[in-house]
Amino acid sequence: MNGPSGILILHKPRGMTSHDCVAKIRRLLHTKKVGHTGTLDPDVNGVLPICIGTATKVVEYMSDHSKVYEGEVTLGRATTTEDKSGETVAEKAVTERWSKAELEDVLRSFEGIITQVPPMYSAVKVNGRKLYEYARKNQHVERPKREVTIHSLELLSDVSYTETTAAFSFRVHCSKGTYVRTLAVNIGERLGYPAHMTALVRTAAGPYSLEQSLTFAELELKQETDQLEDVLLPFESALAQFPACTVDRQTEQQIKNGAVLPAEKGLDQNRFTVYNEDGECLAVYQQHPTKAGLIKPEKMFWTGS
């Protein structure tokens, strides 16, 4: 008997790691085949898509999804972790005042492709070890730079001033691999002050939004009424970014056999999903890397059952 399968849109609470969430969902659904699609720091809440059962096959495509976050940056103090959980490493009292237009110009200057250096307290690996492992031992290593894309960066609030600090909220739509903590620090640098991130929530991951996410309390209520599996979305929802085509019965049989096919009948995209006439997603196909005019399966979803 097949176990539960699909994508669960979890509203991850603060105080739990992504791995904690996976472990709890395994217990709720009584299945081991559970995987998340990109970690959220313990201090961050929001959208965390979880793949269950055969839907774990699409995890690799979901990790490429862009994300939307709403956060708060506080100017006047920098920390070891680039968020409020770290120890203070720099302070400078905020004496300036900025207009809304000035701040919007600064935020807009980050849009496009930017280079980031990941924070020391992050899971990026250098020489086989995670950066936070070096940080905890006060060992400094050269961190790899990475290019990320900021699709949009908007001001969400007025500035809140104290005697020494200034804080405001923002919304960022960014590519995978973006460290919003580091972005908050960079915004502070652009304004001339040490800074850190004081709040963050992920409001969207690819096609999945906070509005459709479910808390653990809501999931436990669903479990009590045997409705837990009803909230799982089909795995195809994670592939919406790819072109899709429907094939006839003859081509369907070839695809089920994993055939390399000529790129015709609309099957000529770089990467696309293939459906049969019953609406079942059979596979992701791609252009053949070495044979022009041919396509080959990249990921098969049809299992023969």
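What percentage of the 305 residues of the chain count as buried?

**Figure 1. Overview of the predicted chain.** Of the 305 residues, 45% count as buried, that is, with under 20% relative accessible area for a 1.4 Å probe and protein chains only. The chain has seven helices and 19 strands, taken as DSSP runs (helices H or I, at least four residues; strands E, at least two) and numbered from the N terminus. Along the principal axes, the C-alpha atoms fill a box of roughly 70 × 50 × 40 Å. This is a predicted model, in which local features need pLDDT of at least 70 and side-chain atom pairs count only at pLDDT 80 or more, while totals for chains, interfaces and linings use all residues. Residues are numbered from 1 along each chain as its sequence is written, and side-chain values use heavy atoms, without hydrogens and water.

**Figure 2. Surroundings of E229.** E229 lies in the loop between α6 (216-224) and β15 (244-246). Leaving aside residues up to four places away in sequence, E229 touches P4 and L29, where contact means heavy atoms within 4.5 Å. A distance of 9.7 Å separates the C-alpha atoms of E229 and L219, which are 10 residues apart along the chain.

**Figure 3. Charges of the chain.** The mean positions of the 36 positive and 39 negative charges are 7 Å apart. Lys and Arg count as positive and Asp and Glu as negative, with His and the chain ends not counted; each charge is placed at NZ of Lys, CZ of Arg, CG of Asp or CD of Glu.

Technical notes
Buried means under 20% relative accessible area, exposed over 50%, partly exposed in between (1.4 Å probe, protein chains only).
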